[in-house]
Amino acid sequence: MTAVSPEKAPQQDSSRGTLGLPQATALIMGGIIGTGLFGLPGLVASYGMLAVLTLVIVTIGAVALALMFGSLVKRIPAAGGPYAYSRFYFGDFAGFTSAWPYWITAWAGNAGIVVVWTFYVQNLFNLDTANTALAMIISMIGLWVPAFVNLAGVKNMGSFQLITTILKFIPIIFIATVGLVIGFMRGNFPSFNPSGDNILSAISSCAAIVLFSYLGVELASVAAAKIKDPAKNVPIATVAGTLACGAAYVMCLIAVFGIVPNDVLSSTEGTASFSVALSDIFGGAIWAGKLMSAFVVISGIGALNGWTMICAEMPQAAANEGLFPHLFAKVNKAGVPFWGIILSTLLASAFTLFSFASATGSEVLTTLVLLTGVTAAVPYFFSAVAQLYYLLTEGKLVNPAAFAKEMTIAIVALLFSFWFVFGSGQQATFYAYLLILAGYVVLLGLYVKRKRTGGVVEGDSSKAPAEGVS
């Protein structure tokens, strides 16, 4: 349960990485911008222009996280990201406490993404949204196609991610530029705070919705073992990708607010707010709305592709060091940790099917999505504490200006991680803690097995020379 000594810090052999800087940046941008951006204007319409202010505040926190992860990965360019940082500074227990909740975040988030993705597929092809069986089939395609792409190998996954990210940004750039100009010309902006709540309360409530949209700033650090020269490329990809996503979020939200009247955004049409906006730009043309739906479908499948890889990366890193069941460390002929992908996709599939089949399924899925804010906050918190620990020990030896900057970033990131928990609500927080506690049963079983085998379990590399985790 001790921390990793500096001479045994997990390192990454840069020659083994497959993904270059473009693919690493696409992983960040594709993971952050899935389907959330395209439904965001409708979700926050009741808060009016205060939602823009809230988005700016949340973006600052997300950028602080990105800068912090970029700093951490320079010192510890190993697989697992937050898991590796927690274990390095605080030992096995902290490492597991970061890895298990993050794994929950990854597969539960996929369940949330695929439901919205399914809605846009139905909209694109004029399918009956009341047909539950058809919705189930579509959602399973959305979950399992990325799974098979990932199982085929990292190179295929990286190419798929880059292509889908490029395609998804075509409509985003159009809305953020041409749409922004038209938005100011139309001037359909809502009032500052139509919710009627006081400003602080409204910001907190709105932030609970917006925060989920920024999950993914850490993706490149989690996949460091798959990235060439991670100490250089991961920080660049993380910061650049997060800044690009932040700019897209703010500019697109303002544009859609200006184009589409608030009463329309607040109605059921607001679910497909980008389709409504693009159709309006072209004089109500149906083809424009369909085209936007097509781009959202591409965006969603790209996000599912990236998160599916992450569902296996952190568990593999933990399993290689004896802190996850050994089956998560097993790889197929393509070098892919297949059990992590298969089990995570099965869990996401189960909750997705339940959400379509049950009368209360939508509520369960909403709670599942909200609890990802709590489960993501845990590894974010440990990463921020790890950075603060370094700064207050070794880091204070650097020049005062750099120390002050890094301390400010780490403190903002720490506060930001608390905000995730605060915005998720009591019910989601309760279920998140139950799932996290279940993980400690798994950890206890691993330690019992280690004791029976004389201190070593399958996949435990803690007693081997640190050569990096593949």
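Accessible areas here come from the Shrake-Rupley method with a 1.4 Å probe. By that method, the chain in this predicted model has an accessible surface of about 17900 Å². Carbon and sulfur atoms account for 69% of that surface.

Start with the overall build. The chain holds 17 helices and zero strands. It has 470 residues, and 58% of them count as buried. Take the contacts between residues at least 6 apart in sequence: 83% of them join residues at least 24 apart.

The largest nonpolar core contains 137 residues. Within this core, Ile33, Val44, Ile175 and Phe324 touch the most other members. Helix H5, residues 92-124, supplies the largest share of the core, with 16 residues. A second core is separate and has five residues, including Ala147, Leu151, Val336 and Ile341. As a general background, nonpolar side chains in soluble globular proteins tend to be buried together.

Setting aside neighbours within four places in sequence, Val44 is in contact with Ala51, Cys206, Ile209, Val210, Leu253 and Phe257.

Met292 counts as buried because its relative accessible area is 1%, below the 20% cut-off. Beyond residues up to four places away in sequence, Met292 touches Phe38, Pro171, Ile175, Phe274, Ser275 and Leu278. One of these, Ile175, is also among the core residues that touch the most other members. Phe274 lies 18 residues from Met292 along the chain, and their C-alpha atoms are separated by 6.8 Å.

Gly34 is in the loop between helix H1 (21-32) and helix H2 (36-43). With a relative accessibility of 4%, Gly34 is buried. Its contacts, not counting residues up to four places away in sequence, are Lys168, Ser299, Gly300 and Ala303. Ser299 is 265 residues from Gly34 in sequence, yet the two C-alpha atoms are 5.5 Å apart in space.

Now turn to charge. Side chains of opposite charge can pair when their charged atoms come close. The whole structure contains five salt bridges. Two of them involve Arg87. In one, Arg87 pairs with Asp92, and the closest N and O atoms are 3.0 Å apart. In the other, Arg87 pairs with Glu321, with the closest N and O atoms 3.4 Å apart. Glu321 lies in the loop between helix H13 (286-320) and helix H14 (338-357), while Arg87 lies in helix H4 (residues 82-90), so this pair ties together parts that are 234 residues apart in sequence.

Glu321 has a relative accessible area of 6% and is buried.

A further salt bridge links Lys226 and Glu313, whose closest N and O atoms are 3.0 Å apart. Lys226 is in the loop between helix H9 (219-222) and helix H10 (230-259), and Glu313 is in helix H13, so the pair ties together parts that are 87 residues apart in sequence. Lys226 is buried at 8% relative accessible area. Glu313 is buried at 2%. Shared partners join other salt bridges: Arg87, Asp92, Glu321 and Arg450 form one network.

Finish at helix H3 and the surface. H3 has 26 residues and reaches 39 Å from its first C-alpha to its last, close to the 38 Å expected at 1.5 Å a residue. The helix is mostly covered, with 19 of its 26 residues buried. Leu53 lies in this helix, which spans residues 50-75.

Note on methods
Residues are numbered from 1 along each chain as its sequence is written. This is a predicted model: local features need pLDDT of at least 70, side-chain atom pairs count only at pLDDT 80 or more; totals for chains, interfaces and linings use all residues. Side-chain values use heavy atoms; hydrogens and water are left out. Helices (H or I, at least four residues) and strands (E, at least two) are DSSP runs, numbered from the N terminus. A nonpolar core is a set of buried Ala, Val, Leu, Ile, Met, Phe, Trp, Tyr and Cys residues joined through side-chain atoms within 4.5 Å. Buried means under 20% relative accessible area, exposed over 50%, partly exposed in between (1.4 Å probe, protein chains only). Contact means heavy atoms within 4.5 Å. A salt bridge is a side-chain nitrogen of Lys or Arg within 4 Å of a carboxyl oxygen of Asp or Glu. The expected span of a helix is 1.5 Å times one less than its number of residues.
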